[in-house]
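Hi,

Here is the structure we talked about handing over. Have a look at it first, then read the notes below.

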Amino acid sequence: MNRRDLLALSATLLVTAPLLATAAWAQQVDVNAILNDPEAPVGGNPKGDVTIVAYLDYNCIYCKKSAPDLDRVVKEDGKIRLIYKDWPILSESSMLGAQLALGAKYQGGYEKAHHALMGLSGRKADQTAMLKAMKAAGIDMTRLQSDLDTHGPKISALLQRNLAQADSLSLTGTPTYLVGPFRTSTLDYAGFKQVVADARARQAE
């Protein structure tokens with residue numbers, strides 16, 4: 001079964017499993033690097049009591065389907081720290097989308113770019129559609145190109161770290177959400193609320 005088949009399979013199931021399954025697994029995963037990479041964009045409440053780490057691809061239809069519900073829960077809750085992990089695995093334009101979003105971070109526009117790209121329909125948004133969406137979202141395109149030229153190596157390094165982390169976690173496809181001590185795939189509004197509540201309950205034990 002290839003990665004795309006695994007993605008389709010995992011996205012049809014609500015899988016909420018403990019993240020720290022075994023001691024051997026924990027030794028292979030750099031949890032601090034996942035939670036505290038200084039280059040990874042952070043949304044929500046930076047001092048929140050629950051952290052959601054979202055591994056996403058801008059051509060993933062399941063990511064796009066989940067995105068509005070995730071945004072809603074983060075805004076309504078007010079105590080969730082959301083870490084974005086751009087993980088472009090589905091196509092060449094997925095890589096372009098990740099680079100554009102991360103480039104927009106340097107003008108304070110990562111989340112605007114993120115939402116614009118997640119709002120594109122279909123599985124294979126092309127360069128023209130992505131650039132048009134970025135511009136419509138208010139991203140300064142001249143500044144964006146300058147930042148991509150200047151910070152390209154840092155963006156590439158971050159994407160490589162995201163890939164290495166996903167491999168260390170044995171992730172099979174997007175979206176994947178790490179919510180406190182749990183790992184799960186596609187969720188709706190109620191699902192996000194429930195797993196956040198479960199994470200808080202586990203942390204309180």
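**The cavity**

By class, seven nonpolar residues, one polar residue and one charged residue line the largest cavity. Keep in mind that this is a predicted model. The structure holds one cavity of 30 Å³ or more. The space in the largest cavity comes to about 40 Å³.

Which residues line the largest cavity? They are L56, C63, A67, L70, D71, L82, Y84, H114 and Y177. Two elements give two or more residues each to this lining: α4 (61-77) and β4 (80-86). The largest share, four residues, comes from α4.

**Cysteines**

C63 is part of the cavity lining. C63 counts as buried, because its relative accessibility is 1%, and buried means under 20%. C60 is also at 1% relative accessibility, so C60 counts as buried by that cut-off.

How many disulfides are there? The count comes to zero. The rule asks for a pair of cysteine sulfur atoms within 2.5 Å. For background, a disulfide is a covalent bond between the sulfur atoms of two cysteines.

**N59**

Where does N59 lie? N59 sits in the loop between β3 (50-56) and α4. Is N59 buried or exposed? N59 counts as buried, because its relative accessibility is 2%, under the 20% cut-off.

The side chain of N59 has two partners to look at. One is the side chain of S93, with a polar contact at 2.8 Å. The other is the backbone nitrogen of A125, which the N59 side chain reaches at 2.9 Å.

Leaving out residues up to four places away in sequence, N59 touches K64, L90, S91, S93, S94, G122, R123, K124, A125 and M130.

**R183**

R183 is found in strand β6, residues 182-184. R183 is partly exposed, because its relative accessible area is 26%, which falls between the 20% and 50% cut-offs.

What lies 2.5 Å from a polar atom of the R183 side chain? It is the backbone oxygen of L169. R183 can also be placed relative to V195. The two are twelve residues apart in sequence. In space, R183 and V195 are 9.3 Å apart, C-alpha to C-alpha.

**Where to start**

For a first look, show the cavity lining, including L56, D71 and H114. Then go to N59 and its polar contact with S93. Finish with R183 and the backbone oxygen of L169.

Best wishes

Terms used:
Residues numbered from 1 in each chain as written. Predicted model: local features only at pLDDT ≥ 70, side-chain atom pairs only at ≥ 80, totals over all residues. Heavy atoms only, no water. Buried < 20%, exposed > 50% of the residue type's maximum accessible area, 1.4 Å probe, protein only. 1 Å grid on protein atoms, 1.4 Å probe; cavity = no way out; pocket = protein on both sides within 12 Å on 5 of 7 lines; lining within 4 Å. Points joined across faces, edges and corners; volume = space filled by probe spheres on them. Nonpolar A, V, L, I, M, F, W, Y, C, P; charged D, E, K, R; others polar. Polar contact = N/O pair within 3.5 Å; in protein donor to acceptor, adjacent residues only side chain to side chain. Contact = heavy atoms within 4.5 Å.
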